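Got the model loaded and a cartoon view up? Let's walk through it one selection at a time.

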Amino acid sequence: MSLGDHLRELRRRFLISAITLLAGAVLGWIFYERVYDQLAAPFNEYKDQNPTSVISLNFGNATAAFSQQVSLSIFVGVLLSSPVWLYQLWAFIVPGLTKKERRVSLAFIAATVPLFLAGCALAYYVLPKVLEVLYGFTPAGASNIQQVSDYFSFVTRFILAFGCAFLMPVFLVALNAIGILPASAMIKAWRPAIFGIFVISAIATPTPDAFTMFLLAVPLCILYVAAILVSKLIERGRRKNRPAWVEVPDDEASSL
């Protein structure tokens with residue numbers, strides 16, 4: 001496939017993803033109030049548990065409410081269209097797999113959407129704890145009159161960061177499937193990989209406590225091991241389909 005064909009393929013897949021994202025954003029616009037209440041629930045929970053704290057969400061100007069509805073609608077569109085854009089991304093990265101390799105890899109790619117949504121769900125689950133830690137730094141007598149745009153920007157980025165982090169094994173398997181990253185290299189590099197996972201987890205979780213970091217890092221370590229196992233299955237199938245003469249040294253005659 002030429003460079004022009006690759007670019008046209010990328011454009012086609014990008015348009016498909018954009019259209020489905022737009023359709024999801026329309027649904028997000030329709031159900032905006034439900035989405036707003038759901039994402040504001042951790043904030044309101046902290047407010048109810050700390051009645052003496054002066055804390056509230058504030059729309060700073062006349063256009064803030066409209067801008068917030070647009071941004072949350074796009075966020076919902078990203079979540080709802082995730083099956084489509086995740087598949088389009090995968091299909092663009094690994095177009096040259098054999099039929100047998102596709103069966104093994106597609107069994108794993110089928111887990112991408114649950115993985116992404118599981119990461120988002122985990123982020124939402126730990127969000128009350130995150131807010132409790134962050135707002136706990138507020139000095140006595142001070143107040144948290146927070147801009148709605150700042151709060152929801154933090155929440156949506158936090159959720160998407162967890163969701164995208166859970167896609168790590170998919171990209172590792174993709175690199176293995178196209179022959180760039182063998183399973184042996186992943187096994188050999190497990191120590192720096194685990195260290196990198198914890199560093200990324202510490203960056204992705206904006207709280208100073210180790211508990212939240214471990215909530216992200218431990219599942220990622222498990223997924224890293226799962227990516228190695230799937231990669232070894234792909235490599236085993238590739239060796240079975242390889243002609244016998246490929247394994248013969250160049251200075252020897254094969255049985256053929």
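This is a predicted model: local features need pLDDT of at least 70, side-chain atom pairs count only at pLDDT 80 or more; totals for chains, interfaces and linings use all residues.

Start by selecting Asp-150, which sits in helix α7 (residues 148–165); helices here are DSSP runs of H or I with at least four residues, strands are E runs of at least two, and both are numbered from the N terminus. With a relative accessible area of 48%, Asp-150 is partly exposed. The cut-offs are under 20% for buried, over 50% for exposed, and partly exposed in between, using a 1.4 Å probe and protein chains only.

Residues are numbered from 1 along each chain as its sequence is written, and side-chain values use heavy atoms, with hydrogens and water left out.

Next, colour the whole of α7. Its end C-alpha atoms are 26 Å apart, which agrees with the 26 Å that its 18 residues should span at 1.5 Å a residue; the expected span is 1.5 Å times one less than the number of residues. To see its covered side chains, show Val-148, Tyr-151, Phe-152, Val-155, Thr-156, Phe-158, Ile-159, Phe-162, Gly-163 and Ala-165, the buried residues of α7.

Keep Phe-152 on screen and centre on it. Setting aside neighbours within four places in sequence, Phe-152 is in contact with Tyr-36, Leu-39, Ala-40, Gln-68 and Leu-72; contact means heavy atoms within 4.5 Å. Which residues touch the most other members of the largest nonpolar core? They are Leu-39 and Phe-152, in a core of 54 residues. A nonpolar core is a set of buried Ala, Val, Leu, Ile, Met, Phe, Trp, Tyr and Cys residues joined through side-chain atoms within 4.5 Å. The elements giving it two or more residues are α2 (32–49), α3, α4 (82–93), α6 (112–135), α7, α8 (168–177), α10 (190–204) and α11 (210–241). The biggest giver is α6, with 11 residues. In soluble globular proteins, nonpolar side chains tend to be buried together.

Move to α3, residues 64–80. This helix has 17 residues and reaches 24 Å from its first C-alpha to its last, close to the 24 Å expected. Its buried residues are Ala-64, Gln-68, Gln-69, Leu-72, Ser-73, Phe-75, Val-76, Gly-77 and Val-78.

Ser-82 is in helix α4 and counts as buried, at 1% relative accessibility. Beyond its neighbours within four places in sequence, Ser-82 is in contact with Val-113, Phe-116 and Leu-117. Then jump to Ser-231 in helix α11, which counts as buried at 0% relative accessibility. Leaving out neighbours within four places in sequence, Ser-231 is in contact with Leu-172, Val-173, Asn-176, Ala-183 and Met-186. Select Pro-169 too: it lies 62 residues from Ser-231 in sequence and 9.8 Å away in space, C-alpha to C-alpha.

Now for charges. The structure holds 2 salt bridges, each a side-chain nitrogen of Lys or Arg within 4 Å of a carboxyl oxygen of Asp or Glu. Pick Glu-9 and Arg-13: their closest N and O atoms are 2.7 Å apart. Both lie in helix α1, 4 residues apart, about one turn of the helix. Arg-13 is buried, with a relative accessible area of 13%. Salt bridges that share partners join Glu-9, Arg-12 and Arg-13 into one network. The link from Arg-12 to Glu-9 is 3.3 Å, N to O, and Arg-12 counts as partly exposed at 40% relative accessibility.

Leu-22, Val-26, Leu-27, Ile-30, Phe-31 and Leu-80 form a nonpolar surface patch with about 580 Å² of accessible area together. Patches take residues with over 30% relative accessible area and no salt bridge, joining like charges within 9 Å and nonpolar side chains (Val, Leu, Ile, Met, Phe, Trp, Tyr) within 5 Å; areas come from the Shrake-Rupley method with a 1.4 Å probe, and for residues only the protein chains shown count as cover. Helix α1 (residues 3–30) provides the largest share of the patch, 4 residues. One stop there is Val-26, partly exposed at 45% relative accessibility.

Finally, zoom out. The chain has 11 helices and 2 strands, and buried residues make up 37% of its 256 residues.
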